[in-house]
Amino acid sequence: GLLPEMVGATSIYGCGMLGLGMSFSMEQLVIDNDMIGMMRYAKRGIEVNEKTLSVKAIQDVGIGGNFIGYPDTLENMDLPSMPEVLDRSMYDEWMNKGGKWDVDLAHEKVVDILANYEPTPIEHRDLIDAVFKKADERHRQERGL
């Protein structure tokens, strides 16, 4: 999770896996993608300025006051990342948007991806194919095939 990302791990294992890797869920993969995005955002660091420090909110609400309902608090909630399926809305707003659970939103995204995704063609595919062809030929020669 977060600690390996913070120390520079280049690979995060287990995305989309359930039950210690005994099964796989494309919906879990979409949710994991959101979480990885949040970790990578945290690794880049957090901008510190008057707005992110909530200076105005502290002045308006005061020490010990309730900051949860303050407009800047709600506006800053998505600053740590911009998740696609993890919804940080307050309960009433969430219900007004349909009250869909994260896994339901993830399922909708999976269905959309499967129906509409257009992969970007691999650049220099001919060079990649040549590497595989050369490796196959070498393998056949070594095995006497």
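The following questions and answers cover the fold, confidence, packing and backbone of a predicted model.

Residues are numbered from 1 along each chain as its sequence is written, and side-chain values use heavy atoms, without hydrogens or water. Local features need pLDDT of at least 70 and side-chain atom pairs count only at pLDDT 80 or more, whereas totals for chains, interfaces and linings use all residues.

Student: Which element of the protein chain has the highest mean pLDDT?
Tutor: pLDDT is the predictor's confidence in each residue, from 0 to 100. The protein chain averages 87, and 97% of the residues score at least 70. Helix α1 (residues 2–6) has the lowest mean among the elements, 75, and the highest, 96, belongs to helix α6 (residues 102–116).

Student: In what order do the elements of the protein chain run from the N terminus on?
Tutor: Helices (H or I, at least four residues) and strands (E, at least two) are DSSP runs, numbered from the N terminus. The protein chain has seven helices and two strands. Their order is α-β-β-α-α-α-α-α-α.

Student: What is the radius of gyration of the protein chain?
Tutor: The radius is taken over C-alpha atoms, and the globule rule is 2.2 Å times the number of residues to the power 0.38. The C-alpha atoms fill a box of roughly 80 × 35 × 30 Å along the principal axes. For 145 residues the globule rule gives 15 Å, and the chain is more spread out than a compact globule because its radius of gyration is well over that, at 23 Å.

Student: Which residues make up the largest nonpolar core?
Tutor: A nonpolar core is a set of buried Ala, Val, Leu, Ile, Met, Phe, Trp, Tyr and Cys residues joined through side-chain atoms within 4.5 Å; buried means under 20% relative accessible area, exposed over 50%, and partly exposed in between (1.4 Å probe, protein chains only). Of the 145 residues of the chain, 16% count as buried. The largest core has five residues: V30, I31, V85, A106 and V110.

Student: How are the rings of Y91 and W94 arranged?
Tutor: Rings of Phe, Tyr and Trp (its six-membered ring) pair if their centres lie within 6.5 Å; planes under 30 degrees apart count as stacked, over 60 as edge-to-face and the rest as tilted. By this rule there are two aromatic pairs. The centres of Y91 and W94 are 5.8 Å apart and their planes stand at 45°, so this pair is tilted.

Student: Is W94 buried or exposed?
Tutor: Y91 and W94 are three residues apart in helix α5 (residues 91–96), so about one helical turn separates them. Y91 counts as exposed, at 57% relative accessibility. W94, at a relative accessible area of 12%, is buried.

Student: Where is H124, which has a positive phi although it is not a glycine, found?
Tutor: Most residues other than glycine have a negative phi. H124 takes a phi of about 60° and is exposed, with a relative accessible area of 53%. H124 lies in the loop between α6 and α7.
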